Amino acid sequence: MPRDSQATRARLLDAAFTEFAAYGIAGARVDRIAETAGANKRLIYVYFGNKEELFDEVLRRALTEGAESVPFDVDDLPGYAGAIFDHLVARPDLMRLRLWKLLERPSATGLEPDAFRRKVAEVAEAQQRGDLARELVPDDLLTMVLAVAQAWFFAAEGRDAGEGGQAWSPELQALHRSAVVEAARRMTEPRAAHQ
């Protein structure tokens, strides 16, 4: 793909991310995506197929970027939870995109199940070594760590968002991050460490 095509494709993906995060698949408009990207609407269909396929590509790109920004570390699941929290604070639109995916396309597609299975296998190995708590099965333990990392983004009543959804103050963000890390530590720490 020539350089101009790659740049146009990237602009379309960026504009589509913003559109899908704001409106979901059903509410997103291809016209707005093309206009925001400064591209011809026809190119969306040429590069991505239909709107659902464009959404899938936007989601795949977001998941890939997230995995690169927050590498999985089975040896420090509390730190991993804290890093996910930080990533989501910096990009709250990721949670909105994820919520739209869960609402409009709830079945797992693409990278999600494979990445989750690999992480679960690493958790199982760490549990076998005695490095992680064994009270929960591996997929439950990983799910709970991920849930803790994302919890503040579902608890709108607990957010300190001001007019227009401003971000948390640095102090409140640090406080919430600390709680996320501590909760993940308590869940993942082997039982002997608690005594």
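Predicted model: local features only at pLDDT ≥ 70, side-chain atom pairs only at ≥ 80, totals over all residues.
**Aromatic pairs**

Residues are numbered from 1 along each chain as its sequence is written, and side-chain values use heavy atoms, without hydrogens and water.

I found 4 aromatic pairs in the structure. Rings of Phe, Tyr and Trp (its six-membered ring) pair if their centres lie within 6.5 Å; planes under 30 degrees apart are stacked, over 60 edge-to-face, the rest tilted. F72 and Y80 are edge-to-face, at 5.0 Å centre to centre and 90° between the planes.

Next I checked F85 and F153. Their centres are 5.7 Å apart and their planes at 50°, so I logged the pair as tilted. F85 lies in helix α5 (residues 77-90) and F153 in the loop between α8 (138-150) and α9 (170-188), so the pair ties together parts 68 residues apart in sequence. Helices here are DSSP runs (H or I, at least four residues), numbered from the N terminus. F85 is buried at a relative accessible area of 0%, and F153 is buried at 12%.

**Charge over a ring**

I then turned to Y23. The charged end of R32 sits over the Y23 ring, 4.2 Å from its centre. The cut-offs are NZ of Lys or CZ of Arg within 6 Å of the ring centre and within 35 degrees of the ring normal.

Note on methods: Helix = DSSP H or I, 4+ residues; strand = E, 2+ residues; numbered from the N terminus. Buried < 20%, exposed > 50% of the residue type's maximum accessible area, 1.4 Å probe, protein only.
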